[in-house]
Structures are given as C-alpha cells and as structure tokens.
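A short report follows it.

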Amino acid sequence: ITLRGTAHAKGLGVHADSDVAFYLGGNCTRLTATVGIDDEVAPYGSVTFGVVADGRTLTTTPVLTGTSAATPLDVDVSGVQELHLVVQDGGDGNAHDHADWADARLTCGS
C-alpha cells in the first residue's frame, strides 16, 4: 500500500465500490487510518471513503483522486456494534479506483 510516495506496511486495499464490515460488539473506541488512491494507479482514480456505524454515517471524505493528498481519519466508534468501511466511486466510473485504508487501526478494550 503506497500513498503519495509513502509505503505503508499494513492496511486494507479495496476497489470501488466496496463495503468491508467488522463486528465490534461495542468494545472499541477509535478507528484511525490514512486513506487515498494507491500510487499504482495514480494519477487516475476517484473515490469517497465513508465510515458507517450501526447504519449511521460517521464520516465521509470529499472525492479523492489519484493526485489528492493522503487523508488522515480519526473516528470515535465508542459503543458501535457493527462498523462498515465503505468506498464508493467518485462519479466517473470505477476504473482505476484502487482505494487504500493505510495503517487502519481499531483501538479496542480487552
């Protein structure tokens, strides 16, 4: 996973449109990640990233393209039962929409 020249050892790479669900069971407090279009397709691609918790949208990025800066996310997920990481096409078709959730981390209790 590489965003604007920075390689990230871990994360989640997806293609628009995607929805990756996690069951948190109310045990987590934060989601952090750096999001953007992977360098392998830059300068092409355009997507939005969204975080949906128990059916409620917590955050959505503006449309990010293959030339946009990587965008940090820090989202409160306290009490959330089911979390969805959603990537949608930026409006021009999903060719080249290789979207990365770089260094994605959930902070959870024991």
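The report takes strand pairing, the disulfide, the nonpolar core and the charged residues in turn.

This is a predicted model, in which local features need pLDDT of at least 70, side-chain atom pairs count only at pLDDT 80 or more, and totals for chains, interfaces and linings use all residues. Residues are numbered from 1 along each chain as its sequence is written, and side-chain values use heavy atoms, with hydrogens and water left out.

Strands here are DSSP runs (E, at least two residues), numbered from the N terminus. Strand β6 spans residues 46-53. Of its 8 residues, 8 are buried. Buried means under 20% relative accessible area, exposed means over 50%, and partly exposed lies in between (1.4 Å probe, protein chains only).

In a regular strand the side chains alternate between the two faces of the sheet. In β6, S46, T48, G50 and V52 point one way. V47, F49, V51 and A53 point the other way. Both sets are buried.

Two strands count as paired if DSSP finds at least two bridges between them. Strand β10 (residues 82-89) runs antiparallel to β6 and joins it over 7 bridges. There, G50 has V86 in β10 as its bridge partner. Strand β7 (residues 56-60) is also antiparallel to β6, with 4 bridges. V51 is bridged to T59 in β7. These two strands, β6 and β7, form a hairpin with 2 residues between them. D54 sits in the turn and has a positive phi of about 50°. Strand β8 (residues 64-65) pairs with β6 over 2 bridges, again in the antiparallel sense. In that pairing, S46 meets T65.

Strand β3 (residues 11-15) pairs with β11 over 5 bridges. L12 stands opposite W101 in β11. β5 pairs with β11 over 8 bridges, also antiparallel. L31 has L106 in β11 as its bridge partner.

How many disulfides does a search of the whole structure find? It finds 1. A disulfide is a pair of cysteine sulfur atoms within 2.5 Å. The pair is C28 and C108, with sulfur atoms 1.9 Å apart. The torsion about their S-S bond is about 85°, so the disulfide is right-handed. C28 lies in strand β5 (residues 28-37) and C108 in strand β11 (residues 98-108), so the link ties together parts 80 residues apart in sequence. C28 is buried, at 4% relative accessible area. C108 is partly exposed, at 41%.

## The largest nonpolar core

A nonpolar core is a set of buried Ala, Val, Leu, Ile, Met, Phe, Trp, Tyr and Cys residues joined through side-chain atoms within 4.5 Å. The largest one has 23 residues. F49, V51, V77, L83, V87 and W101 touch the most other members. Elements giving two or more residues to this core are β5, β6, β9 (71-76), β10 and β11. β5 supplies the largest share, 5 residues.

## Charged residues

Side chains of opposite charge can pair when their charged atoms come close. A salt bridge is a side-chain nitrogen of Lys or Arg within 4 Å of a carboxyl oxygen of Asp or Glu. By this rule there are 2 salt bridges.

| Salt bridge | N to O distance |
|---|---|
| R4 and D39 | 2.7 Å |
| R30 and D74 | 2.6 Å |

D74 is exposed, at 51% relative accessibility. R30 is partly exposed, with a relative accessible area of 31%. In the other pair, R4 is partly exposed at 28%. D39 is partly exposed at 25%.

Which residue lies nearest in opposite charge to D38? The side chain of R4 does, 7.0 Å away. Lys and Arg count as positive and Asp and Glu as negative, while His and the chain ends are not counted. D38 is buried yet has no salt bridge. D38 belongs to the loop between β5 and β6. D38 touches I1, T2, L3, R4, H98 and D100, leaving aside residues up to four places away in sequence. Contact means heavy atoms within 4.5 Å.
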